[in-house]
Amino acid sequence: MTALARRLLRARIAGRSLGELALVYGLLAVVLIETLYPLIWVLSGSLKTKEEVIANVWGLPSGFVWQNYTEAWRVAGMGERILNSVIVTGTALAILVVAATPAAYAVSRLAFRGRTVVLAVVVAAMLVPPQVMAIPLFMTARDLGLINSRIGVALIHAASNLPLSVFILRSFFLSLPIDLEDAARVDGAGRFQSLWLIMLPLIRPGIALVMIFGFIEIWNDFFLAFLLLRDPALQTIPLGLVAFFQQYGSMWNLYFAALTITTLPVIVVFVLMQRQFIAGLTAGAVKA
Amino acid sequence: MAGSAFFRVRRDSDGLAAMLMLAPAALLFGLFVLWPFFRGLWLSLTRWDGFSAPIFIGAGNYLKLFRDGLFLGALENNAIFVVLILIFKNALGLGLAILLDRALFLRGPIRAAVFIPVTLSFAATGLLWSWIYNPIFGLLNAALDLFGLSGLKQSWLGDADIALYSIVVVDIWKWLGFHAVIYLAGLQTIPHELYEAAKIDGAGAWTRFRHVTLPMMMPVVLINVILGLSGAFVRNFDIVQVLTQGGPNHATEVVMTLMVKTAFQDGNMGYASAMGYALFLIVALTCVLLLGLMRRTKVAL
């Protein structure tokens, strides 16, 4: 309470009236309700019976129907969908980091002919949204036998996230002092050793940032999976959710449970990591 | 001579290492970005069903786009999408950021809370809102009933006149926190002395906003506009597909959904490719125009 009082005092000194503060918090409350209420509504709907969802739109559930969850898990094949999403996202992120890190190191620290060309291609590629070449991407995947292949979808995700990731990692490499590496080279370390032993531990925050961005993008992707994963057994969570909704549109309570199962873990991870997440996001955007 | 030779050796001293380090990225990029990009460009100049041999027709597909009512309608919907989203995401995002900037306590938790929709998938967001909009027991119509505004109840996604706007609202709901967080970070880089100086000169709240906050925030506005622009043009497939699939009767059709239909329902791969590249050209041109425009207004401010 004293901390609060001190802050209020500081507000008075900064020339802000309590009326202004009330207005600020009043408006913020409206934004919070508008943002969070729909999510709470889904959670509460997931615990109602099918009839109660319609009869009692607003209120809290009268009793907790936990079997909605087991039922939704079974009917929507959640286990399978989650496994598919984990395979696609995990493989894509692994490929992305393995390909982007040495490439970013090369364009930021190595002297070689064509470096400016490579850099120009990276920047140009960031401006071409992969969605506009959906048709040729589909054709290429078909020719390579990658339709209905989770690894194929992962490869394409890794490739389309590559330019931005190289760009982000490059800025991290450039921020490291060059002396560090010179010292290692005097000691006889080659370029690969220098990257592996000295630079890699130092750019871990950059790799984390690339992986966070990539995770949100790939885990939530609907478009590419929609194009390439036609076999229901291979579908990822977003595809599975939509298919479940279209098939069992009247089982609202199950459907709310499925939505909760898939979104709650992401929200929990975000809330736990939000400090790093928002710091990384704003550093990238405001500096650029 | 010796000097330049030496320089060249120095410049390419890591040639082999660089080649090895770039190889995995180059392979991935070449196979799944570069090759499809040029292949699609070629496909867009052909008539092709996806199976038989493509027939070269030059600019035929692109000329056809100008006369295709469905495509022009989708493009118009895209334009409405873009304009509304740019205005509302930026105005509301900046407004929310100013509120957060003035909040003395609980700023962190509130910022995290408004960011939550950003982390949700479009599929989840779209399905959530298709329930909010449900005409029979959706949250929105129930809310209107609750406030005694039953006359305003609508079939939010079923009415061709309002379905597009309903989708725009969802997109703004999902991304508001994202733009607000970036604006907040920008606001916090403005030195406090500028406001103090303006206050001493007798500037009121609006004058301070107009002549200190806004000019200082222009680079951040630019980032938000560019991010919102490409998003509104090409990343709207998911949300439209989940909410309305382009209906009712193409009222919410955007270029991306039309492109997928043209390719996979009509089997017209060449024409669909041309749609993709035409959209890309339009986005690129709009970005360039906007950048020029904003640079000019920056001077005016």
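## Two packed helices in chain B

In this predicted model, helix α4 (residues 69-102) of chain B packs against helix α10 (residues 205-234) of chain B at an angle of about 145°, and the two axes lie 9 Å apart. The crossing in which α4(B) passes α10(B) is right-handed. On the side of α4(B), the contact is made by Asn78(B), Phe81(B), Val82(B), Ile85(B), Leu86(B), Lys89(B), Asn90(B) and Gly93(B), while α10(B) contributes Val221(B), Asn224(B), Val225(B), Gly228(B), Leu229(B), Ala232(B) and Phe233(B).

An angle and a distance are given here because two packed helices are described by the angle between their axes and the distance between the axes.

## A helix pair in chain A

The residues of α5(A) that make the contact are Ser85(A), Val88(A), Thr89(A), Ala92(A), Leu93(A), Leu96(A), Val97(A), Ala100(A) and Thr101(A), and they meet Ile207(A), Val210(A), Met211(A), Gly214(A), Phe215(A), Ile218(A) and Trp219(A) of α11(A).

Chain A as a whole is divided into domain 1, which covers residues 16-71, and domain 2, which covers residues 80-247. The C-alpha centres of domain 1 and domain 2 of chain A lie 37 Å apart.

## Chain B as a whole

Chain B has 13 helices and two strands. Along its principal axes, its C-alpha trace spans about 70 × 65 × 35 Å, and its radius of gyration is 25 Å, whereas a compact globule of 301 residues would have a value near 19 Å. Of the 301 residues of chain B, 40% count as buried. If one takes the contacts in chain B between residues at least 6 apart in sequence, 70% of them join residues at least 24 apart.

An unreviewed UniProt entry places the feature "transmembrane region" at residues 16-38, 79-100, 112-132, 162-185, 216-234 and 274-294 of chain B. Two of these stretches can be compared with the model: residues 16-38 of chain B are 100% helix and 0% strand, with the end C-alpha atoms 28 Å apart, and residues 274-294 of chain B are likewise 100% helix and 0% strand, with the end C-alpha atoms 30 Å apart.

The annotation "domain: ABC transmembrane type-1", also from an unreviewed UniProt entry, covers residues 75-290 of chain B. Over residues 75-290 the chain is 75% helix and 0% strand, and the end C-alpha atoms are 18 Å apart.

Helix α12 (residues 255-264) of chain B is mostly covered, as eight of its 10 residues are buried. These buried residues are Val255(B), Met256(B), Thr257(B), Leu258(B), Met259(B), Val260(B), Thr262(B) and Ala263(B).

Ala272(B) lies in helix α13 (residues 269-300) of chain B, and Ala272(B) counts as buried because 27 other C-beta atoms lie within 10 Å, where 20 or more are needed. Leaving aside neighbours within four places in sequence, Ala272(B) is in contact with Met259(B), Thr262(B) and Ala263(B), and also with Ile135(A) of the other chain. The C-alpha atoms of Ala272(B) and Lys261(B), which are 11 residues apart along the chain, are separated by 8.3 Å.

## A loop with positive phi values

Gln245(B) is placed in the loop between α11 (237-243) and α12 of chain B, and Asn249(B) is placed in the loop between α11 and α12 of chain B as well. The phi of Gln245(B) is near 55°, a positive value in a residue other than glycine, and the phi of Asn249(B), near 45°, is also a positive value in a residue other than glycine. Gln245(B) counts as partly exposed because it has 13 C-beta neighbours inside 10 Å, whereas Asn249(B), with 9 other C-beta atoms within 10 Å, is exposed.

## A residue of chain A that touches chain B

Leu32(A) is found in helix α2 (residues 18-45) of chain A. With 16 other C-beta atoms within 10 Å, Leu32(A) is partly exposed. Apart from neighbours within four places in sequence, Leu32(A) is in contact with Ile110(B) and Ala113(B).

Notes. Residues numbered from 1 in each chain as written. Chains lettered and ligands numbered in written order. Predicted model: local features only at pLDDT ≥ 70, side-chain atom pairs only at ≥ 80, totals over all residues. UniProt positions renumbered as here; feature names shortened; annotations may be inferred. Helix = DSSP H or I, 4+ residues; strand = E, 2+ residues; numbered from the N terminus. Buried ≥ 20, exposed ≤ 12 C-beta atoms within 10 Å, placed from the backbone. Contact = placed C-beta atoms within 7 Å. Domains from an automatic or database assignment. Rg over C-alpha atoms; globule rule 2.2 N^0.38 Å. Axes fitted to C-alpha atoms, helices over the stretch in contact; angles between N-to-C directions. Left-handed = near helix turned anticlockwise from the far one by under 90°.
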